[in-house]
Amino acid sequence: AAWEGVWQLLGRSEGYFKTDYRIEPVHYVDGLIDESPRLRVTAHHNHHLEDPAPGEPWHSFSFRLEAGGKTTVISGDVGDISDLEPLLPGADWLLMETGHHQVEKIAAYLREHFPNVRLCLYHHGRAMLADSAGQAAKGEAILGTPIVVAEEGLSLVIE
């Protein structure tokens, strides 16, 4: 219902949101969702949105991408940083939003459970927008490693 509402809204916008391609919603389930010789993508639900009723699908997911011998976990909102635990073992990077999450809590969780995972923060919340250098410094002091703070146009090379 939400998907249809968004499309109705966009379809009534200037230009009627015409594209040369079609966007289709996808309902993910936990597990491998795509695999090619170069990329493997695994999804795992998180608790950002309410837990579904019995028999209903999850509506919020985080993803593990494996390519070129490197692993990156990408997540937007989660109920708690621990929602990412199934995806993080052996990961090289975590790309995590800060819109609803505190940098110190993310860093403390990684330090305790996954100390070798590098951190890149994006989709910034108010604390990060007000003082990104100060927020990053708090997280770096906890992790003991530099944190990448994404800004518009950032290209992150995972080596």
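Is arginine 40 buried, partly exposed or exposed? With a relative accessible area of 32%, arginine 40 is partly exposed (buried means under 20% relative accessible area, exposed over 50%, and partly exposed in between, using a 1.4 Å probe on protein chains only). What you have here is a predicted model, so local features need pLDDT of at least 70 and side-chain atom pairs count only at pLDDT 80 or more, while totals for chains, interfaces and linings use all residues. Residues are numbered from 1 along each chain as its sequence is written, and side-chain values use heavy atoms, with hydrogens and water left out.

**The overall picture**

- The protein chain has four helices and seven strands (these are DSSP runs numbered from the N terminus, with helices being H or I of at least four residues and strands being E of at least two).
- Starting at the N terminus, the elements go α-β-β-β-β-β-α-β-α-α-β.
- Along the principal axes, the C-alpha atoms fill a box of roughly 50 × 35 × 35 Å.
- The chain has 159 residues, and 30% of them count as buried.
- Take the contacts with a separation of 6 or more: residues 24 or more positions apart account for 50% of them (contact means heavy atoms within 4.5 Å).

**Salt bridges**

- Side chains of opposite charge can pair when their charged atoms come close.
- Searching the whole structure turns up five salt bridges (each is a side-chain nitrogen of Lys or Arg within 4 Å of a carboxyl oxygen of Asp or Glu).
- One of them pairs glutamate 66 with arginine 40, and their closest N and O atoms are 3.5 Å apart.
- That pair links distant parts of the chain, 26 residues apart: glutamate 66 sits in strand S3 (residues 61-67) and arginine 40 in strand S2 (residues 40-45).
- Glutamate 66 counts as partly exposed, at 25% relative accessibility.
- Another salt bridge joins aspartate 80 and lysine 105, with 3.1 Å between the closest N and O atoms.
- This pair also links distant parts of the chain, 25 residues apart: aspartate 80 is in the loop between strand S4 (70-75) and strand S5 (93-97), and lysine 105 is in helix H2 (residues 103-113).
- Aspartate 80 is partly exposed at a relative accessible area of 26%, and lysine 105 counts as partly exposed at 46% relative accessibility.
- Glutamate 104 and lysine 138 also meet through their side chains in a salt bridge, at 3.7 Å from N to O.
- Because glutamate 104 lies in helix H2 and lysine 138 in helix H4 (residues 132-143), this pair ties together parts that are 34 residues apart in sequence.
- Glutamate 104 is partly exposed, with a relative accessible area of 27%, and lysine 138 counts as partly exposed at 40% relative accessibility.
- Salt bridges with shared partners join Glu35, Arg40, Arg64 and Glu66 into one network.

**The largest pocket**

- The largest pocket holds about 330 Å³ of space (grid points are joined across faces, edges and corners, and the volume is the space filled by probe spheres set on the points).
- A pocket is found on a 1 Å grid over the protein atoms alone, as an open set of points where a 1.4 Å probe fits, with protein on both sides within 12 Å along at least five of seven lines.
- Its lining has 13 residues, and Pro25, Val26, His27, Trp58 and His59 lie nearest the centre (lining residues have an atom within 4 Å of a point).
- Sorted by type, the lining has nine nonpolar residues, four polar and no charged (Ala, Val, Leu, Ile, Met, Phe, Trp, Tyr, Cys and Pro count as nonpolar, Asp, Glu, Lys and Arg as charged, and the others, Gly among them, as polar).

**Residues to look up**

- Histidine 45 is in strand S2 and is buried, with a relative accessible area of 14%.
- The side chains of histidine 45 and aspartate 30 are joined by a polar contact of 2.7 Å (a pair of N or O atoms within 3.5 Å; within protein, one must be able to donate a hydrogen and the other to accept it, and residues adjacent in sequence count only if both atoms are side-chain atoms).
- Leaving out residues up to four places away in sequence, histidine 45 touches Asp30, Trp58, Ser60, Phe61 and Asp83.
- Proline 86 is in the loop between S4 and S5, and is partly exposed with a relative accessible area of 46%.
- Glutamine 135 lies in helix H4 and is buried, with a relative accessible area of 9%.
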